[in-house]
Structure formats: C-alpha cells, structure tokens
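Please go through the sequence and the model below.

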Amino acid sequence: MREEKGVFYRIDWIMVILYLALVLMGWLNIYAAVYNDSHQHITDMHQKYGKQMIFIIAALVLAVTIIIIEPKFFSQFAYFLYGFFLVMLIVVIFAGREISGSKSWFAIGGLGIQPAEFAKMATALALAKFLGSIDRNIKNPRQLFTAVMIIVLPALFILLEHDTGSALVFLCFVLVLYRAGLTGYVLLALVAMPVLGVLALIINKFILVAALLVPAVLIYLRTRRHFKHLIIIVSIFLASAGFVFSVHYTVYHILEPHQRQRINVLLGNNNDLKGAGYNVNQSLIAIGSGRFWGKGFLQGTQTKYNFVPEQSTDFIFCTVGEEHGFIGSFIVISLFLGLMIRVVLSADRQRSKFSRMYGYGVASLFFMHFSINVGMALGLLPVIGIPLPFFSYGGSSLWAFTILLFIFIKQDALRYELV
Amino acid sequence: MERALAYRRLVIIGIFLSVGLIFLIRLFYVQILVDKYILSANNNVLRYITQYPARGLIYDRNGKLLVYNEAAYDLMVIPRQAKNVDTMELCRLIGIDKDEYIRRLNKARNYSPYRQSIFEGQITRENYGFLEEKLFRFPGFFVQSRTLRKYTYSIAAHTFGYIGEAGPDVIESDPYYRSGDYIGINGIEKSYEEILRGEKGLKIRVVDVLNRDKGSFQDGKYDTLAYAGTDLYSSMDEELQEYGEKLMAGKKGSIVAIEPATGEILCLVTSPSYDPNLLVGNIRKKNYRNLVFDTVYQPLFNRALMAMYPPGSTFKLVDALVGQQEGVLFPTTTYGCPGGFSIGNGKMVACHSHPSPLNLIGAIQISCNTYFCRVFRSIIDNRIYTSTRQAYEKWRKEVMSFGLGKKLGLDVPGELNGNIPTPTYYDKYHGKDRWRSMTIISLGIGQGEIGITPLQLANLAATISNRGWYHVPHIIRAIGKKDSLNPGFLEKKVSAVNPAYFDIVVEGMADVVTSGTARASKIDSLDFCGKTGTAQNPHGKNHSIFIAFAPKLNSKIAISVVVENAGFGAEWAAPIASLMIEKYLKRTVKRRDLEDRIMNADFIHGLNVNNERGKGGFLPD
C-alpha cells in the first residue's frame, strides 16, 4: 500500500496537466467544429462532442488503470503486445471495415477501433524492449536490422491497409535509433531526402543530377584525396542520383492519382482550388481569417459552416487557428512542444534503458503526428490524413495516445525502482 | 557508451523546436501578414444583400397619383455557385435559349465570379410565382425583390422619363451605384434621381458551404435599413396633359402651359409620344429599340424642349416691347402698309391685305409685317448707338432677358438653348460689320436664324402676362411635403423692359382674339390674349404657332402651341390653345365641333387637314 501511494506521489504532474489541458482543448474544439444551432449541448450523445466526452472518460479510466497496474507488466509483455497487434493488423485487412479507402477499422458494436493506432504504441514498447537489453549495440548490423524490422513490419501491414499516413508515422522511430547510437548521418539524410525530392519534382532531373556533381567534386578536392574518400563520395553521389530518378518515377508512376495531386498542390503545380487544392486552401482561409486574437469560441464561420472538410479529425487545427487566432495556435503549439520536450528530458533521467528508449519512442510519435498534422493544415506538407493527438475526434487515437503517454508516466514515476 | 550519447537529446529537442518555430512563422504569415485569407473567408460566408428602397411617388397638382411602384423580382446569379443548374427548365421559365443563358452567365462572370449580378431583371409577380417553386433546382441563383415603376395614366412619358440599370460609367464615377442598381435615365426620374431613389440598405447574411442561409451576421450589427425615396408633387394637371395629348394626336408639335405667377408647368405635351408603361421592366430594352428606330414618328424626341422653331409673328410682341424700351416706338406710332416692306433690289417682305395705316395695337391685332419691319429697323438704326453692332447687341440683350436664346433651367433634362444669333455670327456670314438692319430684317418678323423652343415661347407668354417677370418653369412644385415649394425656383427673373410698356401689348393681344387674326378661337365669357405665328421653314408647309394667356388680368395659364407643317397659326395652333385654356379654366369643353376637327386632323398621314378656310375666317399673320 505504501508503494501505491508513492506512485501517485511521484507522478510527473506537469506531464499530466499538459495532457489534461490538451485533451480538454481538443474536446472544446471538436464541439466548436461540429457545433450547430440545433444541437447545442456539449454532452449531447448524438453528436461527436458528446461521444468524445465518453471517449475522454474512458481514456481517463485507462490512464488510472495503467498507473496502478504491476510496474513490470509493459516491459515484460512488450513483445507479446507487439505480436498481438501485428496479428490484428493482418486480421483487419480481411475482417475490417473499409472507411474512405482504408481497410483499417474493426467494427465492435457501434464503435470503430483502429488497430494501427495501438500498433504504434506496441511498436514503441517492442523497440524499447529490444534496445533496452544489456549489451545491445546498434552499430552491429544484425542488431540494427532486427531493430529496423521491428519498425518496418507493422508499417508494411498498415500500407497493405492503404493507410499511407499511418505507415509514414513509423519513420519517427529513427529518432529512437539515433538516440540509441545510430549515426547522425541518417538524420542528415532524412532532411536531405525531402529537399532533394522536392527539387527532383520541380527541376529537370538531369540538370539536378549534373548540379549534384559540383558539391561532390568540391568535397573531394577539400579532402585528402584518399581512394577511400573517393569511393564514399562517388557512392553518395550515385545514391543521390538514383534517389532523384526514383522520386520522379515514384511520383509519376507508382503513387495513386490523389496522392500525386496532393504533392502537386503542395509544390504549387496545381492551383485547382475547387478540386485537389480545395482542402488546403480552405484550411488556410480558416486559419488565416483568425488573425491575431481569433474570432472567438464558436464564432468561427469557416469551420462551423463546413467549408473545411474533415474539420473534426484531420483538419481540427483549423478550428484552433480560426477561433483562437495566432495566440491560440501559439498556445497549442507550445503545449505540444512542452509535452514532447518534457518527455524527452524525463526519458534521459531514466535509470532503466527500456524506460528511456520507450520515452523517446513516445516523444517521437507525438512529434510525428503533431508535425505532419499541423504542417498539412498550414499547407507546408501534402495532405496526409493522420490525427492530431488529443485534438482529433476519435476513440482509438485518443486511447492509444493516452496509453502511450501514461505507460511512460508510470515508468517515470517508478524510475528509482526500475533498473 | 549509450550514456555518452546523452547530448543527442539536445539535437532531438532542437528538431522539435525548429519545427515549432517553422509553424509559428507560417502562422504569423498566414494570420497576420497577409489579408488574402480573411477576405476569402468573408467571400465564403458573407452574402451582402442590398435592400432596395421604394422609389418616391409622383403626384399631379390635384393630388392624383401619377407614378407609383409595383413589386417585381430580379433573378440574381453568383456565377461561381451556378453549378448543376437545370438549365433547360430555367431557360424555359424565363423564355431564353441556351446560347443566351451562356452569354448572360459569361457576362456575369466577367463582372465577378463570386458577386451577384442580375440575370433576368424585373420579373413580374406572376412569373415570379412559377420561378420560386423551382428555385432549388438552380443553385447559385436567387431572387431579390425590387420595385417596378408603374404609371396610372399613359401620359407625359417624356416628362416622367424612365429608369434602367446603371451603366459601367456611372458605377465607376459614383460610388453609390453598384452593378444591378437602377438609376433614372431621363425625365424627372433623372433630374430628381437623388431625391426619388431613397437610401439603400444592406443586410449581411451568413451562408454555409452549400449556400444555405445561416442567419444574420453578428445579429445584424452591421445591417442598415433602406429608406424609401421622397415623394414629388408635380405641377402637372393630369387632365390637361391628357387632353393636350389627345388634341395633338396625329400631329407633330407640342403644347406647353405654365402658371404665370409661379412658373409651374401645367402640361408639357410633345407629340408623337409613347406609353410610359412601355419602358418598364424587362420589356424596356425591346420597346426602346422599337422607339429609337421609329423614324417616322420619332417618338423619343421631346419637341417641347428640344425642337427649335423660328417664332414667326409671335416675335412681334418682343419687337413691340423692346421698341418701346428703346424709345423708338410709342402706342401712337403709325406706319402705312403698301402690301409689303421693300428691302431693296426689288425684293420685299410681303404683307397680307389689311386696313392701313395702323397704330401699335392694330399692328399686333392684324400682325402687320411692314409695321414690325419698320419697328425693327428703328431699333437697330437708332442714332444713339454708334454702330449697328452696338444697337444689335443691346437688342439681343433685351430679347434674351425674356428667357430666349438660352436654357431656362427646367427641371426636366434635355432643354435646348434656342438661338438668338450673335453679332459674330453675322460677321462670319456677311463679313465684319458688313451687315445693317436691312440685312437682318427678317428677325423683325421672327424669321431667319432665330430659333426658339416651345418652352421658351410659353415662358414668353407667361412673362408678358406678368408684365415683365417670370419664374423659371418647373414641373415639380413640391418635394416631400405637398404644401412646400420647390426651393430651386423661387427667384423672380425680371425682363429688361419696363413693366409700363406691357399693357399696350396685352391690349393688342386681347384684340387678336376678339377681332384679330385668332378671332375664330375666342371663348365666350373668357377674355384671353394671344398672338398667332406662322413659321416658314425649309421642311414643308409652315409651322402653325400660337401663344396665349388667360385671363387678361391675373392670368392662370400661359400657353404655347406649335403644330409642325400645318399652316397658319390661326388655323391649328390657336384653336388648340383656346381648347386647352377652356379645359383648364372651365374644366369642360363645350365646343365639340372644334374639338372633333382638331382631334381628327392627322398631319403625319395627311388626313382631315383641309379645313374650310374663310368659314371661320382664318387670317394669315
């Protein structure tokens, strides 16, 4: 009994308060986004905000449950949970319900459950478990391969469900690998690739490849001209050239038309504001019309009158931008950054390597969702439909992120007992 | 080893913060730096609905309603929203074909794809009923209620004028008008536009993505009410105007009647005219074209203001007045008439046979050409002036003080100056100072270069009846309040001729009717004064002209009548004037025979125009 009292005593309440603040804001914004004059009460169960309230209550129950559960449960059952959700990801392909192109939902009663949301959490656990073992060395290619497979496998299954956005999220675990010791060049490459990719789409690819020769030659001339350096530089150059050509090929031959259009919209090649560019344009109109102070709670016209599609889920940030303006957006962004940084800093003070790696997984997942979702709403990224944690309407996403966060809070609270 | 990598948390936090910073910069740009998004947002949700006020009504001098409004509807379109329209049905309902539909939609789109334009204007109430039921099948289209001008009596079309959509030039120069607004284009509608139009209101409505109305914007905080236009009280006498138009049927010409004491226009008849109800609503364009291309009747030409005639013998009244003022003519001045006035080279201004010699009254009564040629000569050759030119300039100034030769300033647009030739004109024509009184002698009998409008003739009659002054003629006697006075016309204009010189001229004019050239037109128990005129012109038969006022003292009506190419003034213009005076002063006309003869005469087609000369004794003037 003394120990349980201790758990609540040592909980990082700042994290919990950040969590509660985001959930509450999310709920109010869903209310504002769906609000109409005929159903005014925020607890109306026939409306999304009423349902979201139930989801939130359930999420809080889950959070408390996690806090009082056996401390070693998640590290011990990490692989089991991972395996379970991998199976679920396959099952959903056959038994799931198709909603707007993605076969990623289980219909349980009146409720839709998305295993992919939970798979992210399970992957974070499994990766932490794997990297948390003593004597684990990420520089060992075999071990690196295993770690990468832990990440790629669920992503692959999710791709099979045609849920590209969710699959893309798994890329965030590179940050965990980086923290575990993976070379920093991987991050550099991850930054360089989109830049090169965009250039490949807007500049003639032959000219681009020729232009890449210039830095290659310059770098070679500045090094000591060892044969070894030449090999490295040539292979990087060849890899880049290959990348340029494959981006072009991928976009124009492999991607589906709607995805290609979304990329074209982003690059400014498509100004069809009624067609493919409609969402992003309306999103920017909603956010831009909020000005500094916003239009006020429930006063947003663009979101309330349905000009912005998917306003309660993928484009929920529009409601924030329109009704609460720059100041409200600033607050929401700050809360997210605060939560993520708090998680990273806490992760580093963990004595258990599992807890530390898991903490990085949590922060990376939040970061990925946050940056893709808000980046899309701001027209900085192509339209990729993934939820904004705690804000977007939906039970699966809220629960998965709650579990994800509270497992870490629990681990953090017990950091002196766990090794 | 892994502990040594703790610095990497800073790299990762750095990445988080950079992304956050990028977002904030982007938000700053989108929300604060650029206006485009807030403007688009307003375009998305706000619909500005103009509230059109009812135009002011127009009454006649006896309180009869002349011009009023009827509910009508404009079919508006917002091109950007016109998608999935049941085009066939819409075309059928408003009676256009598909090409026309496309043409109109393109025109609206050119104006603005997301602002409203009139697609079909001024639909009547009945047609609106059919349209309204099916409006849901035409997204992007909606109906705006307007008013349609209606005329109780089909008279005075030129005076009322008409309204139409404001053109691009007006919209550009006057910020009050937006595309689709109506504006007075002619007549009273034009000159009193700012009083009649009232004040537009604005309602701002919020609509959702499907263009469904979601209520007023911020509880109507920015809405404004429409204020109805101000009513006008015309000085027109509806019955007199209508009677005048009947008398003028089949004739080209005009009748202008003025109340001398006030300058109020009693009627402003121009003929041929048209039914004002033709230029209303969506039939206006078609009918207007027909009227423009009617070259036989020229129904759009307002002769009362825009036709210039040589005044003929009516101008002898001005000679008589100016001659006395100049001290070269006295009531007792007597000239003999040998059947004409010789102007040298064997030419002469002919006169008809009459007793001779005559004094001033007699000369007016008989309208002796010789007498007034001599009067004119004595004015121009007056020794007190150093040159013909100086004398002429003095003469011209005095003539123009009667409101001749320049616009009077009537409150109906379109008035012409008329023409009292300048000395420079004669310099150009004859050489500098190479003209004398004999060169321009035809002015003395109102012929030659002189041009006067029927309105100016009527005003001349009014001035003489007032013994030397007039108010600028006007058709609107009161604005807003029935018993107020139109403030633009209170000033008394005084002629250059001493009032004392008028009575002898008025006596002459009385004799014209009792025993002179117009004696066939006299009215029992009513003393009215007149003067006939017969204007020679290059377009055929002489114009028949008559000016008059009645009664002789404290006149209630001054009138001018011109009938183009009809003959002597006494033949047509004088009886018409006499009927008009009878109508106005006695309210009923007893002389049915005369009325019938006038009404049946059709000079345009040459029917019933040969009257029995001599029977009534129509004397030449």
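## Confidence

What is the mean pLDDT of chain B, and what share of its residues reach 70 or more? This is a predicted model. The mean for chain B is 89. In that chain, 97% of residues have a pLDDT of 70 or more.

One stretch needs separate mention. Residues 613-617 of chain B have a pLDDT below 50. Beyond near neighbours in sequence, this stretch makes five contacts in the model.

## Interface of chains A and B

Chain B brings 39 residues into contact with 53 residues of chain A. Together the two chains bury about 4,100 Å². Carbon and sulfur atoms account for 71% of that area.

How many salt bridges cross this interface? The rule finds one between chain B and chain A. A salt bridge joins Arg291(A) to Asp35(B). Their closest N and O atoms are 3.2 Å apart.

## Domains of chain A

Chain A is assigned two entries: domain 1 covers 2-180 + 276-413, and domain 2 covers 187-254. Over C-alpha atoms, the centres of domain 1 and domain 2 of chain A lie 34 Å apart.

The structure holds one cavity of 30 Å³ or more. The largest cavity has a volume of about 200 Å³. Its lining numbers 13 residues, and the closest to the centre are Tyr52(B), Pro53(B), Arg55(B), Arg146(B) and Tyr182(B).

What classes make up that lining? Six residues are nonpolar, one is polar and six are charged.

How values were computed
Residues are numbered from 1 along each chain as its sequence is written. Chains are lettered from A and ligands numbered from 1 in the order in which they are written. This is a predicted model: local features need pLDDT of at least 70, side-chain atom pairs count only at pLDDT 80 or more; totals for chains, interfaces and linings use all residues. Side-chain values use heavy atoms; hydrogens and water are left out. Domain bounds come from an automatic or database domain assignment. On a 1 Å grid over the protein atoms alone, a cavity is a set of points where a 1.4 Å probe fits but cannot get out, and a pocket is an open set with protein on both sides within 12 Å along at least five of seven lines; lining residues have an atom within 4 Å of a point. Grid points are joined across faces, edges and corners, and a volume is the space filled by probe spheres set on the points. Ala, Val, Leu, Ile, Met, Phe, Trp, Tyr, Cys and Pro count as nonpolar, Asp, Glu, Lys and Arg as charged, and the others, Gly among them, as polar. pLDDT is the predictor's confidence in each residue, from 0 to 100. Contact means heavy atoms within 4.5 Å. Buried area is the accessible area (1.4 Å probe) that two parts lose on being put together, summed over both. A salt bridge is a side-chain nitrogen of Lys or Arg within 4 Å of a carboxyl oxygen of Asp or Glu.
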